[in-house]
Amino acid sequence: MSRFIQLHTLISYPPANLNRDDLGRPKTAMMGGVERLRVSSQSLKRAWRTSELFEQKLFSKVGQSEGALGTRTKLLGVEVYEKLKAAGFPDKLAGDSANEIAKVYGALKKDKPYEIEQLVHVSAEEKASLDKLVAKLIADKRAPEKEELDALLHKQQAADIAMFGRMLASKTEHNVEAAVQVAHALGIHATAVEDDYFTAVDDLNHKDPGAAHIGESAFAAAVFYQYLCIDRELLLQNLGGDAELAKRAISALTEAALTVAPNGKQNSYASRAYAHYALAERGDRQPRSLSLAFLKPVNNGDYAAGGIQALSTVRDNMDKVYGACADSRCELDVIKGEGSLRALLAFVAE
């Protein structure tokens, strides 16, 4: 089994605002002396992790919960407090119990009762353990004991935690090192962010047919290079040796990377897109991105085909200089009508 799987994709998005900065404008980055569009790795990972595709691919029974996916939240303590109060607990007992449970997952916020300071990623098994403890507390009408609190975090097999990792500052023994690295998606050519001036009309205002609302929305279009790397050995380790789940996770992640877009402003722009090119590589050598192919922005106007050519050239030249950088490869190319998603998914899951 090859240790690393690397996935390189090219995806063309029409006018869109998939991932906004603090001013509501599309995120950008300077590269090769020009401004490019950018979609952050955080945005990509969340879109993939919460997609319907991920849920369908990784669905399984886990205790009393369903799914091989975890939940990221700050509100575990709040949920516990509400359940205890609904069961008739006095306010102090419910509050103290909720705080003790919430502190298992992280430091508490000072201004919001029972809420955890940082987002915590818990598996379905760990959520089932929490639900079981709350049910026992309600049945016994008491506060949790230390041994019960210590048992809330334990070995688990959430595929998304195994892939993307988690960090618990106060419970480092339950930290998980991410088996998947995801780069920011970056435009392969220079892009100008534009502003869309728009108006809205009041349907019931027949006396004044003018605009009832005026606004502006920033947008831009680009072909993006997207890169991710999967450490299969670490993924298998994170999943407790479950090879079948590891294969399903790799397949789900690959398909999501090719077909699932971030959902920012989708209702306004309908900027859904599939990758028009994908290159999957397997091997044991140190991974490397092929972003060098786009250090010089593609500027021949044919960004779709030009991007494939630039990527292929750098890949081949890397092999010439360093020796084969992968043991085996699989491609799909929508422009030429070559390859298939089915073949690519079978390749990465081998």
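Hello, and thanks for coming. A word of caution before the tour: what you see above is a predicted model.

While we are at Ala-270, let me finish its story. This residue sits in the loop between α10, which covers 266–269, and β12, which covers 275–283. Ala-270 is not a glycine, yet its phi is positive, at about 45 degrees.

Look for Lys-141 in the loop that links α5 (124–140) with α6 (146–150). Its relative accessible area is 49%, so Lys-141 is called partly exposed.

Now let's step back to the whole protein. There are 12 helices and 13 strands to find your way around. Along the principal axes, the C-alpha atoms fill a box of roughly 70 × 70 × 35 Å. The protein has 350 residues, and 50% of them are buried. As for the accessible surface, the total is about 17700 Å², and carbon and sulfur atoms account for 50% of that.

How does the chain meet itself? Take the contacts between residues at least 6 apart in sequence: 73% of these join residues at least 24 apart. On the charge side, we have 44 positive and 47 negative charges, and their mean positions are 2 Å apart.

Next, the empty spaces. Rolling a probe the size of a water molecule over the atoms shows where empty space is left. In this structure, 2 cavities reach 30 Å³ or more. The largest cavity holds about 80 Å³ of space. It is lined by 15 residues, and those closest to its centre are Ala-16, Leu-18, Pro-26, Leu-37 and Phe-224. The largest share, 4 residues, comes from β11.

What about the largest pocket? Its volume is about 470 Å³. Of the 21 residues around the largest pocket, Arg-72, Leu-119, His-121, Arg-166 and Met-167 lie nearest its centre. The elements giving two or more residues to this lining are α1 (41–49) and β7 (120–122). With 4 residues, α1 gives the most.

Is Cys-325 buried or exposed? Buried, because its relative accessibility is 8%, and the cut-off is under 20%. Setting aside residues up to four places away in sequence, Cys-325 touches Arg-285, Arg-288, Met-318 and Asp-319. Asp-284 is 41 residues from Cys-325 along the chain, and the two C-alpha atoms are separated by 8.7 Å.

Our other stop is Lys-109, in the loop between α4 (91–105) and β7. Lys-109 has 18% relative accessibility, so this lysine counts as buried. Which residues does Lys-109 contact, leaving aside neighbours within four places in sequence? They are Lys-74, Glu-115, Ile-116 and Glu-117.

Note on methods:
Residues are numbered from 1 along each chain as its sequence is written. This is a predicted model: local features need pLDDT of at least 70, side-chain atom pairs count only at pLDDT 80 or more; totals for chains, interfaces and linings use all residues. Side-chain values use heavy atoms; hydrogens and water are left out. Buried means under 20% relative accessible area, exposed over 50%, partly exposed in between (1.4 Å probe, protein chains only). Contact means heavy atoms within 4.5 Å. Accessible areas come from the Shrake-Rupley method with a 1.4 Å probe; for residues, only the protein chains shown count as cover. Lys and Arg count as positive and Asp and Glu as negative; His and the chain ends are not counted. The place of a charge is taken as NZ of Lys, CZ of Arg, CG of Asp or CD of Glu. On a 1 Å grid over the protein atoms alone, a cavity is a set of points where a 1.4 Å probe fits but cannot get out, and a pocket is an open set with protein on both sides within 12 Å along at least five of seven lines; lining residues have an atom within 4 Å of a point. Grid points are joined across faces, edges and corners, and a volume is the space filled by probe spheres set on the points.
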